[in-house]
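Okay everyone, thanks for coming. Let me put the model on the screen and we'll walk through it together.

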Amino acid sequence: MDYIDPHIHMVSRTTDDYATLARMGCVAMSEPAFWAGYDRGSVDGFRDYFRQLTETEPARAAQYGIQHFTWLCINAKEAENVQLSRDVIAMIPEFLDKPNVLGIGEIGLNKNTKNEATIFLEHLDLAAEHGQSILIHTPHLEDKYQGTRMILDMLCDDKRLDRDRILVDHVEEHTIGEVLDRGFWGGMTLYPVTKCTPERAVDMIEQTGGERLLVNSAGDWGPSKPTAVPDLIFEMRRRGLSESLIRKVVYDNPLEFFSKSKQFNFTPRG
Amino acid sequence: MTNVRNGDQIVAESFLEVRAKLLEVAATLDRIDRACETAPLDEPAKSKRELLIEATKILLSDEPSRAEQLQQLFSRKYDTDWRQQLGITEA
């Protein structure tokens, strides 16, 4: 089955991974800007990273018939350096017209601090001013519930934002309800230890019907599995769920959400 | 709700896997307790062990949302006054 991985960090993966994903049915992916594992020191460091996301990765993916899209921001982990964050936010518009840019992301909170909230709000301003869709990172583990509620508070306060163009990612059992009930899209990340297993993700699909839900591997430089979405497809088939529901979650829903970005120009496999 | 399997099927398919996971939990608690015979847990580790025991109590309940309850148990509480505490102005 053709599928789309809406959240994967291919700058951290090998070319062999592109080949494997293509063989498993991946036809498109989106790569949100992310923390490199260390704090970058300058705006030029981010400019180079954004060139990698808008030039190098699309070309690398295209070699395997995969269409690569991206989201730009400075990650919440680096928001404690407020001045650098502001300089990066001011530079992002240089890249917003690149053909594979879908919007601003993955913005959000990490430890739910004042500086993180401040920079999150300034990213929302950027998205609103430029009419961009938004992809949101919610915190890990014990900080997730509080951080997700804070994020939803800030999003719902801002009347300029269209909730139908916002994906709140890394939802789990205690956050999925509020995200969907308030009209946002929800993303489930298949990290077995710190986020969600394919089995638990399928439980949530069964309970919600899969409406406005996306599933991703968030494959990156840490413990993660870039082929996690096919694992979910396998689990759904194992349970006897319909092919149309599987396709909805791993293909139709990402297409519908991405289509809200003016630069999403996707060619389905013929 | 789109679940297409009945309870019998789910039990049959999951029994060995869940049995193995429960054994892991039991063996881990035993391992911690054996180690405590030589040196007691410090306060942060003691709190985490207590959380694990609380979690097992949630498993015994008859409520339908055990996974969500476990997530809440392991979460920091949401404070509606967070803006005031951080000095963030409402839009």
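Let's start with one pair of strands. In chain A, strand S6 (residues 166–168) and strand S7 (residues 185–189) run parallel and are joined by two bridges. Within that pairing, Leu167(A) sits opposite Trp185(A) in S7(A). Before I go on, some housekeeping: this is a predicted model, where local features need pLDDT of at least 70 and side-chain atom pairs count only at pLDDT 80 or more, while totals for chains, interfaces and linings use all residues. Residues are numbered from 1 along each chain as its sequence is written, chains are lettered from A and ligands numbered from 1 in the order in which they are written, and side-chain values use heavy atoms, with hydrogens and water left out.

A word on terms. Strands (E, at least two residues) and helices (H or I, at least four) are DSSP runs, numbered from the N terminus, and two strands pair if DSSP finds at least two bridges between them.

Now zoom out to the whole sheet. Eight strands of chain A make an open sheet, ordered S1-S2-S3-S4-S5-S6-S7-S8, with parallel pairing. At the edges you have strand S1 (3–5) and strand S8 (213–216) of chain A, each pairing on one side only. The twist averages 25° from one strand to the next; axes are lines fitted to C-alpha atoms, for helices over the stretch in contact, with angles from 0 to 180 degrees between N-to-C directions.

What packs on this sheet? Helix H2 (residues 43–62) of chain A does, touching S2, S3 and S4 of chain A, and its direction makes about 170° with that of S3(A). Contact here means heavy atoms within 4.5 Å. Helix H8 (residues 228–238) of chain A also packs on the sheet, touching S1 and S8 of chain A, at about 135° to the direction of S1(A).

On to the interface. The contact takes 28 residues from chain A and 22 residues from chain B. About 2,400 Å² is buried between the two chains, and carbon and sulfur atoms give 52% of that; buried area is the accessible area (1.4 Å probe) lost when two parts are put together, summed over both. On the chain B side, Gln71(B), Arg76(B) and Tyr78(B) lose the most area to chain A, together 27% of what that side buries.

How many salt bridges cross the interface of chain B and chain A? The rule (a Lys or Arg side-chain nitrogen within 4 Å of an Asp or Glu carboxyl oxygen) finds four. Arg238(A), for instance, forms a salt bridge with Glu13(B), with the closest N and O atoms 3.4 Å apart.
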